Amino acid sequence: MKFTRRDVIRTTAGAAAGVLGSRFVSSPALAQEGLTYKPEDGAKLRMLRWSPFVQGDEDQWLANTKRFTEATGVEVRVDKESWEDIRPKAAVAANVGSGPDLMLVWFDDPHQYPDKLHDVTELGEYLGSKYGGWHDGPKQYATREGKFLGLPLATIGNAIVYRESWVKEAGFSEFPKDTAGLLELCKALQAKGHPAGFTHGHGVGDGNNYAHWLLWSHGGQMVDESGKVTINSPETLKAIEYAQELYKTFIPGTESWLDVNNNRAFLAGELSVIANGISAYNTAKINKDNDPKLAEMAKDIRTTNLPIGPVGKSVELFQVTTAVIFDYTPYPNAAKAYLQFMFEEPQMAQWVTSSAGYCCQTLKAFDNNPVWTADPNNAAYAKASATLRPNGFAGPLGYASAATMADYVLVDMFAKAVTGQATPQEAMEEAEKRANRYYRV
């Protein structure tokens, strides 16, 4: 059984709409109290976003956009690109001063070109005040020196997705809660012909999420509080040695995986355990009526948060996306009006629900959205915005943290060590050298 990207994202907004509260549906289209932006005459907007892994996300986003156009007369063209293409396209647009008016970008990318972005502090403070405040992690990605560079839109959670029957076949009554137990489980699963697979490639989400979890769970960090590079450490060495042992239990090829690859392999029945968003499970669930194998798989899939390592507490990255307005846009008021409309309750609540557990809210007022209790497998993703650790830990977010991540310094360190291209010490030293190109303190 082979899956294309279309198969992976073929879910529907309707599947999640059943849990939508009627109070959201009946709310007026324009719920803008206390702050309004008058679009410029003749305004037209172009927005660029990432391609969806859960189709309900895109469907609802486009439906909400249509509502905005009907309410304001402002036409909004929504384009999409692969996850890996978003970061370079945003950087080019910012630096050449031409391209989409608005864009959904990743992690701390706004900190790479803060002077190229339209200040949305007024709107950010308004929404935070109205909707119970912003979750701190996403807010850090979107703010600099007290100003909003953009609006933190969502956190795409990451959790263990596994086949329950295969875990039990391997001799485990439940999924291990610590890293030592995970290693033993993966060894047992491999012996049963059900290997695991975690992304060691340049997956914007999955590759970074896994690498940061490996490092942080063992007490390592890229930099200290002052921004001094500290990746070359005993803690990092332990993380690499653990990754080497875990890698031995993987399906071949994980060092070249992008964000879609583990979904495909898992849904094809080639894998027992991955770290992923809710999309893999949703794809099986939504398509079960058309494929008996997916129907059986959907019944067998479970999710849980990543195991805790020697550091003794949960430390996970999670992928944040921020909506930014480029300063070159001729229609800044229209762009702010659009974002305000999309963040107001009638639209935001429906979008979170239709995303079916994939996009976690960044405003605290939406924490009790019914989607989080609609399916037990959604629970592992419900608190992603509240619990994430920003990638710049333990130093401040800024150009250096953004550039280090964009260059996949941490991801490459683990990949080179586990594949034998470098010794653990050599991999650490190379990562240290590369990170120091960005952290000049």
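How much area is buried between domain 1 and domain 2, and what percentage of it do carbon and sulfur atoms give? In this predicted model, the area buried between the two domains is about 1,800 Å², and carbon and sulfur atoms account for 54% of that area. According to the domain assignment, each domain is made up of two segments of the chain: domain 1 comprises 44-157 + 318-387, and domain 2 comprises 159-316 + 408-439. The centres of domain 1 and domain 2, taken over C-alpha atoms, are separated by 27 Å. To the contact, domain 1 contributes 20 residues and domain 2 contributes 26 residues.

Two helix pairs were examined in detail. Packed helices are described by the angle between their axes and by the distance between those axes. For helix α6 (residues 121-130) and helix α15 (residues 332-343), the packing angle is about 15 degrees and the axes lie 11 Å apart. Because angles under 35 degrees count as roughly parallel, α6 is roughly parallel to α15. The crossing of α6 and α15 is right-handed. On the α6 side, the contact is formed by Leu-123, Tyr-126 and Leu-127; these residues meet Lys-336, Leu-339, Gln-340 and Phe-343 of α15. By residue class, the contact of α6 with α15 divides into 5 nonpolar, 1 polar and 1 charged.

The second pair consists of helix α10 (residues 206-217) and helix α20 (residues 409-418), whose axes come within 9 Å and cross at roughly 75 degrees. Helices α10 and α20 are therefore roughly perpendicular to each other. From α10, the residues in contact are Gly-207, Asn-208, Ala-211, His-212, Leu-214 and Leu-215, and their partners in α20 are Leu-410, Val-411 and Phe-414. The residues of the contact of α10 with α20 comprise 6 nonpolar, 3 polar and no charged.

Two features of the backbone were also noted. Most residues other than glycine have a negative phi, and most peptide bonds are trans. Phe-318, however, has a phi near 65 degrees, a positive value in a residue other than glycine. Phe-318 is located in the loop between β9 (301-304) and β10 (319-325). The peptide bond from Phe-393 to Ala-394 is cis, with omega near 5 degrees. Ala-394 itself belongs to the loop that runs between α18 (384-387) and α19 (399-406).

Key: Residues are numbered from 1 along each chain as its sequence is written. This is a predicted model: local features need pLDDT of at least 70, side-chain atom pairs count only at pLDDT 80 or more; totals for chains, interfaces and linings use all residues. Side-chain values use heavy atoms; hydrogens and water are left out. Axes are lines fitted to C-alpha atoms, for helices over the stretch in contact, and angles run from 0 to 180 degrees between N-to-C directions. Helices (H or I, at least four residues) and strands (E, at least two) are DSSP runs, numbered from the N terminus. Angles under 35 degrees count as roughly parallel, over 145 as roughly antiparallel, 65 to 115 as roughly perpendicular and the rest as oblique. A crossing is left-handed if the near helix is turned anticlockwise from the far one by less than a right angle, and right-handed if clockwise. Contact means heavy atoms within 4.5 Å. Ala, Val, Leu, Ile, Met, Phe, Trp, Tyr, Cys and Pro count as nonpolar, Asp, Glu, Lys and Arg as charged, and the others, Gly among them, as polar. Domain bounds come from an automatic or database domain assignment. Buried area is the accessible area (1.4 Å probe) that two parts lose on being put together, summed over both.
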